[in-house]
Amino acid sequence: MSILDIDTTKEVIEKVISLQEFPNVSLLFGSYNKHIKLMKDAFNVKIVARENLRVYGDRIAVERVFMVVDCIKNRILQHNKISESEIEEMIHSFIEVHDQTKSKNKEDIFPVAPRTPGQRRYMEAIRKHEIVFAIGPAGTGKTFLAVAMALDYLRQGDVKKIVLVRPAVEAGEKLGFLPGDYQEKIDPYLRPLYDSLYNLMEYNRLQRYIEKGIVEIAPLAYMRGRTLESAFIILDEAQNTTESQMKMFLTRLGVESRIVVTGDITQVDLAHDERSGLIHAQKVLEGVDGLCFFYLGKEDIVRHRLVQKIVAAYEKDSSLSHRGVD
């Protein structure tokens, strides 16, 4: 992919999407170029389809087309096949986001669409439930999509602030021996939350939100004694909370607030004598009205294609170990 021409006054660009490594070009094009025509009409862009895809139009629309093609490619690489209905569902999911973008005033917040059916159901679960536990392996978009949803709720005026929380687990290092003051010591633990925000929001706007307290990023310990009202609260890496920390966090929920708890129960970094609050919550909170446990799987991994294979290999090794196989 390369940007060939940019008109900075009209935000019009041209991009070339290479198809040399695309696993099945005929699936992408569809019969009689059906899928190409659908994307052209949906995003109001010009697409020339030969050895490569040359896409010309509004910057955001062109980016949407590129994301659709990338999603189709990832699905084929993961499953070696894709149905026509799945391709059309992907296209329509990005059409919805594009229409939402056009209908709003211009903002420095970047819309996001789910890239797998599981991710779509996850986002629907967040809309339907006041508390959602999202459990799944690395790379499934648990935190990223939760942050995207939080920004959307903030933009719509459904909440007044976003609170992003992480436990500062000392993964092999004692905080007291690390250089700097307390904030400098905990910043590395909070960095992934900043990364998600920077990927979804223009830098200057985010800095203003942080300064005004509209967006707060803090270690879990800072939540004790607080009641968070009209807030979208995300607890990341929840597998590394203790049982008492999880109870403390969940009871911070105030009026007109929502909570999303994300974690991977296969990557617990707690001491051996401590039990994971996320695993404990699965047992004691299952079936509570207004609360949802949502599970993402390796089929929802959208990082590098090798990540899915790595997760599958570790799952296989874990299952063998449980049967006493070394």
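Mentor: Before we start, helices (H or I, at least four residues) and strands (E, at least two) are DSSP runs, numbered from the N terminus. This is a predicted model, in which local features need pLDDT of at least 70 and side-chain atom pairs count only at pLDDT 80 or more, while totals for chains, interfaces and linings use all residues. Residues are numbered from 1 along each chain as its sequence is written, and side-chain values use heavy atoms, with hydrogens and water left out.

Trainee: What about Ser 230, what is its phi?

Mentor: The phi of Ser 230 is near 50°, again a positive value in a residue other than glycine. Ser 230 sits in the loop between strand E7 (215-219) and strand E8 (231-235), and Ser 230 is buried because its relative accessible area is 8%.

Trainee: Switching to helices, which residues of H8 are buried?

Mentor: In helix H8, which covers residues 203-212, the buried residues are Arg 205, Leu 206 and Tyr 209. Seen down the axis of H8, these buried residues fall within an arc of 100°, so they line one face of the helix; the arc is that of the directions from the helix axis to the C-beta atoms.

Trainee: What follows H8?

Mentor: Gly 213 does, and its phi is positive, near 80°.

Trainee: At what angle do H5 and H6 pack?

Mentor: Helix H5 (residues 117-128) and helix H6 (residues 142-156) pack at about 45°, with their axes 11 Å apart. That angle makes H5 oblique to H6, because angles under 35 degrees count as roughly parallel, over 145 as roughly antiparallel, 65 to 115 as roughly perpendicular and the rest as oblique. Axes are lines fitted to C-alpha atoms, for helices over the stretch in contact, and angles run from 0 to 180 degrees between N-to-C directions.

Trainee: Which residues make that contact?

Mentor: Contact means heavy atoms within 4.5 Å, and the H5 residues involved are Gln 119, Tyr 122, Met 123, Ile 126 and Arg 127, facing Lys 142, Leu 145, Ala 146, Met 149 and Tyr 153 of H6. They divide into seven nonpolar, one polar and two charged, where Ala, Val, Leu, Ile, Met, Phe, Trp, Tyr, Cys and Pro count as nonpolar, Asp, Glu, Lys and Arg as charged, and the others, Gly among them, as polar.

Trainee: Now H9 and H10, how do their axes cross?

Mentor: The axes of H9 and helix H10 (residues 277-285) come within 8 Å and cross at roughly 65°, so H9 and H10 are roughly perpendicular to each other. The contact uses Glu 243, Met 246 and Leu 250 of H9 with Gly 277, Leu 278, His 280, Ala 281 and Leu 285 of H10.

Trainee: Where does Met 248 lie, then?

Mentor: Met 248 lies in helix H9, residues 243-250, and its 8% relative accessibility means that Met 248 counts as buried. Not counting residues up to four places away in sequence, Met 248 touches Leu 220, Met 223 and Arg 224.

Conventions:
Buried < 20%, exposed > 50% of the residue type's maximum accessible area, 1.4 Å probe, protein only.
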